[in-house]
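This report describes a predicted model of two chains. The sequence and structure come before the text.

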Amino acid sequence: MKRLLAVIAWVAVGGVGAAALSTIALHRGEPISATWFVLAAVCTYLVAYRLYSAFIAAKLLVLDNTRATPSERRDDGRDFVPTNKWVLFGHHFAAIAGPGPLVGPTLAAQFGYLPGTLWLIAGAAFAGCVQDFVILFCSIRRDGKTLGEMARQEVSKRGGLIAQLAVLAIMIILLGVVALVVVNALKSSPWATFTLASTIPIALLLGVYLRFFRPGRVLEASVIGVALVLFAVVAGQWVADSAAWSKVFTLSGVTLAFVIILYGFAASALPVWLLLAPRDYLSAFIKAGAIFTLAAGILLVRPHVLMPPLTRFVDGNGPVFAGKIFPFCFITIACGAISGFHSLISSGTTPKMIQRETHARFIGYGAMLLESFVGVMAMVAACAMTPGVYFAINSPASIVGAAPEEAAQTISSWGYPLSAATMTGLAHAVGEQTLLNRAGGAPSLAVGMAQIFSSTIGGERLLSIWYHFAIMFEALFILTVLDAGTRVGRFMVQELIGRVWKPLGRMNWYPGILLSSALIVAAWGYFLYQGVVDPLGGINSLWPLFGISNQLLAAVALVVATTILLKMGRVRWIAVTLLPMAWLVVITMTASYQKIFSPSPRIGFLSYANALTTQIAAGTVPAAKIAETQRVIFNQRLDAAVTAVLAGMILVLLVEALAQWYALLSRKKEPALHETPYVATQWAEGD
Amino acid sequence: MRRTWNIIKRGATHFWRGLREWCGDAAYEKYVNCAARKGQENPLSAAEFYVERLNQKYSRPNRCC
């Protein structure tokens, strides 16, 4: 009887999910309620978790609770620490949830709400969650080895090197592009710049408090820090209203870029307890709070999605970024559906803290489902504003014009009515001088979030506070990714150059620290600068580059996972990792090819460079702009080369893996697994 | 009424314990317990442990995109 009731309940959940998915897919004409998005996502996640992840756990991975995990065998109270599964879920989610699932869906909304929402839900269930879960399992069985180490051992030595280089490359591009999102959110905004700048002295204060006065008392320090940051959000309004102070904090894109580059260098070179760690604590609490508030806000307000299911920009001529749905919707969404970076977390701290093998399902698969839900919420927030406003905020000046009247006229001519007064009024309501040409996703998401929050608390009166709270929340945790990533990048650079000259590899030798910090900051700083001065807005070039590198890393992870599963003899169900891997290879290769060779200057790096070269040769570029144009030409060629190198690396790895799979399947080679030997757990079932 | 109160109290205790573990507040206690269990002499002080743990945590990818 109980079983029958459970079956009926799950059939009902599946039915509601299918109905909600059909509604958002087939709905045309009138705006649609966000409730359908929430229902479609939640029901699909529940069914996917209950059925698909259980199938993977039982048939593909054969999780074994009698086997001691690394945290039991090597418990040292520091690195290997047995951790409650709910707590570890929180750790893992806090680590994987970055700005990607917020920014990616917001940018992909230019195609309409439908393609992005479907990929967020299906991509997570069939690809992203599978990757995180399987890599976590593989790492648990190898004492918490990293993706690079597993690639070296299980695929080939070259595979390991490729994985390491791919990680470094993605890190550099990622840091450049997320810094660009922050610059576009803060430029010409004294309120937002002041609020974010205030988080630095607040973090320093917390750092000293936690180091010297109350070592390790993170909770009490974070309460103080969060209160100070919230005060800074309110105080930002006074700064913006003061003629003298607003001048100090009104910075151009280029100035902001240099300030952020300097900040990245400081965060990498200073002791970690002083700036980086306390900022991370602040960011973690504010991130958790903001995501929870957004979810509650969407459920309470149930806003109507005003964006159509498909816009005219499915033809590839979108103003936010150029390219058709296939492959650019998938490349742009990236982390909300599948992120290669997650494989680094799944093979980093989490496997060293997990108590039982079966917890890998809840933590690996479950946390990614939650991340996908964050992506769906970002999509709802972006699509809840009128399409005209969305395009005005996210389109570069070179396409829609810099003046409100010009932008309104251009966007209205696309079929998305907009008046100049609407944009001026909205900018005034959120406390900004202008909201035009703020490509990057952060400002439009902040407007969407502020509209949802203010419908719950405060109304129009608090719209500006909510907007700046949302900007602070996005920028704060983007900067946390930036400083933590710069530091990890510094370690990678030190490891590489330490092979040439040993002292540079010493992690406590200050000249080595300064040099490697300068190198890594210069690398991502270059991408940031090129994005800031790019006439097309930077996001058009850099976000697809980031998406390609991220999805390539996911393909690397799935190649490693597939190889390990083949060695384990799980040929029958190999499609679970093989199909998402093949899909990722197809979309990244297509996107790489188009980004390099497309004849459209807005898509292809080389054709854009050639078009500019022709303009210079024809004398249509003013003399004063020739040097700047030549720099843009060089940057486009550099981007083409980077894309080609990334695509080449994955092809080499794929060929190596295919040779290995052929040898294994044709039994020309005995499978050599590098699992740690079985040790029975000493813990009782309920521990 | 008493039963409801007990359930709330137990839930709140679990939540508080989980929150302390999640944010790292309880890390030193865990380390000291582990050191005692393993008979380790001269465990690190709270300040030493805090700095060492941070150095280790931020030397590998721990924040995602």
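## Fold and dimensions of chain A

In chain A, 81% of the contacts with a separation of 6 or more join residues 24 or more positions apart; two residues are in contact if their C-beta atoms, placed from the backbone, lie within 7 Å. The secondary structure of this chain comes to 29 helices and two strands. Helices (H or I, at least four residues) and strands (E, at least two) are DSSP runs, numbered from the N terminus.

The 687 residues of chain A would have a radius of gyration near 26 Å as a compact globule, and the value of 25 Å agrees with this. The radius is taken over C-alpha atoms, and the globule rule is 2.2 Å times the number of residues to the power 0.38. Along the principal axes, the C-alpha atoms of chain A fill a box of roughly 70 × 70 × 60 Å.

## Numbering and confidence

Residues are numbered from 1 along each chain as its sequence is written, and chains are lettered from A and ligands numbered from 1 in the order in which they are written. Because the model is predicted, local features need pLDDT of at least 70 and side-chain atom pairs count only at pLDDT 80 or more, while totals for chains, interfaces and linings use all residues.

Chain A has a mean pLDDT (the predictor's confidence in each residue, from 0 to 100) of 93, and 100% of its residues reach 70 or more. Within chain A, confidence is highest in helix H6 (residues 113-140), at a mean of 98, and lowest in helix H24 (residues 502-505), at 82.

## Burial and the nonpolar core

Of the 687 residues in chain A, 56% are buried. A residue is buried if 20 or more other C-beta atoms lie within 10 Å of its own, exposed if 12 or fewer, and partly exposed in between.

The largest nonpolar core has 241 residues. Such a core is a set of buried Ala, Val, Leu, Ile, Met, Phe, Trp, Tyr and Cys residues joined through C-beta atoms within 7 Å. Val178(A), Val182(A), Val380(A) and Val556(A) have the most contacts inside the largest core. Leaving aside neighbours within four places in sequence, Val182(A) is in contact with Ile260(A), Ala475(A), Ile478(A) and Leu479(A).

Helix H14 (residues 325-333) of chain A is mostly covered, with eight of its nine residues buried. Among them are Ile325(A), Phe328(A), Cys329(A) and Phe330(A). The buried residues of H14(A) pack against helix H5 (100-108), H6, helix H26 (539-567) and helix H27 (575-597) of chain A. Pro327(A) is placed in helix H14 of chain A, and a cis peptide bond with omega of about 5° joins Phe326(A) to Pro327(A). Ala334(A), which follows H14(A), has a positive phi near 45°.

Gly340(A) lies in the loop between H14 and H15 of chain A. Gly340(A) counts as buried because 29 other C-beta atoms are within 10 Å. Leaving aside neighbours within four places in sequence, the contacts of Gly340(A) include Ile170(A), Asn550(A), Leu553(A) and Val556(A).

## Two loop residues with positive phi

Most residues other than glycine have a negative phi, and most peptide bonds are trans. Asp143(A), not a glycine, has a positive phi of about 60° and sits in the loop between H6 and helix H7 (147-155) of chain A. With 16 other C-beta atoms within 10 Å, Asp143(A) is partly exposed.

Ser188(A) is not a glycine either, and has a positive phi of about 60°. Its place is in the loop between H8 and H9 of chain A. Ser188(A) counts as partly exposed, with 16 C-beta neighbours inside 10 Å.

Chain B has three helices and zero strands, in the pattern α-α-α along the sequence. Its radius of gyration is 17 Å, well over the 11 Å that the globule rule gives for 65 residues, so chain B is more spread out than a compact globule. The C-alpha atoms of chain B fill a box of roughly 50 × 40 × 20 Å along the principal axes, and 28% of its 65 residues are buried.

The contact between the chains takes 48 residues from chain A and 29 residues from chain B. On the side of chain A that touches chain B, H23(A) supplies the largest share, seven residues. By class, this side has 25 nonpolar, 16 polar and seven charged residues. Here Ala, Val, Leu, Ile, Met, Phe, Trp, Tyr, Cys and Pro count as nonpolar, Asp, Glu, Lys and Arg as charged, and the others, Gly among them, as polar.
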